[in-house]
Amino acid sequence: MKLLNRVELIVDKKRYTDQGIKKGDKGIVLGEERNGYWLVIFDGEIYQDEDGVWTTTEIDAAVLEEDVKVILE
């Protein structure tokens, strides 16, 4: 795995579901490996709130390499 790889979460673990991430969610690796974990930004939605400000529901999480598979390099 390396920076900017597109990955998919392949397990359901409490540590991920507590953050709102589930098996099948996809994201992009945006951080180097550190202590066995990689920083992944999981896809969210872009929307405009009631004040007219554009925001996103992306979730960033530290994931173990064994818990994701690379789907695009």
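Four salt bridges are held in this structure, a salt bridge being a side-chain nitrogen of Lys or Arg within 4 Å of a carboxyl oxygen of Asp or Glu. The model is a predicted one, in which local features need pLDDT of at least 70 and side-chain atom pairs count only at pLDDT 80 or more, while totals for chains, interfaces and linings use all residues. Residues are numbered from 1 along each chain as its sequence is written, and side-chain values use heavy atoms, with hydrogens and water left out.

**Salt bridges**

- Aspartate 43 and arginine 6 form a salt bridge in which the closest N and O atoms are 2.7 Å apart; this pair links distant parts of the chain, since aspartate 43 is in the loop between strand 3 and strand 4 (46-48) and arginine 6 is in strand 1, 37 residues apart.
- Both partners are partly exposed, aspartate 43 with a relative accessible area of 44% and arginine 6 with 21%, where buried means under 20% relative accessible area, exposed over 50% and partly exposed in between (1.4 Å probe, protein chains only).
- Aspartate 67 forms a salt bridge with lysine 13, with the closest N and O atoms 3.1 Å apart; aspartate 67 lies in the loop between strand 6 and strand 7 and lysine 13 in the loop between strand 1 and helix 1 (14-17), so the pair ties together parts that are 54 residues apart in sequence.
- In this pair aspartate 67 is buried, at a relative accessible area of 2%, whereas lysine 13 is partly exposed at 29%.
- Aspartate 18 and lysine 14 also meet through their side chains in a salt bridge (2.9 Å, N to O), and here aspartate 18 is exposed at 54%, as is lysine 14 at 60%.

**Fold and strand pairing**

- The protein has one helix and seven strands, which are DSSP runs numbered from the N terminus (helices H or I, at least four residues; strands E, at least two), and along the sequence they follow the pattern β-α-β-β-β-β-β-β.
- Strand 1 runs antiparallel to strand 2, with three bridges joining them, and valine 7 has glycine 27 as its bridge partner in strand 2; two strands pair if DSSP finds at least two bridges between them.
- Strand 1 also pairs with strand 7 (residues 68-72) in the antiparallel sense, over four bridges, and arginine 6 stands opposite leucine 72 in strand 7.

**Nonpolar core**

- The largest nonpolar core has 12 residues, among them Val7, Leu9, Trp38, Phe42 and Val68; such a core is a set of buried Ala, Val, Leu, Ile, Met, Phe, Trp, Tyr and Cys residues joined through side-chain atoms within 4.5 Å.
- Leucine 9, leaving aside its neighbours within four places in sequence, is in contact (heavy atoms within 4.5 Å) with residues including Tyr16, Ile21, Phe42, Asp67 and Val68.

**Around leucine 30**

- Leucine 30 is found in the loop between strand 2 (26-29) and strand 3, and it is partly exposed, with a relative accessible area of 47%.
- Apart from neighbours within four places in sequence, leucine 30 is in contact with Leu3, Leu4, Leu39 and Ile41.
- Leucine 3 lies in the segment before strand 1 and is partly exposed, with a relative accessible area of 39%.
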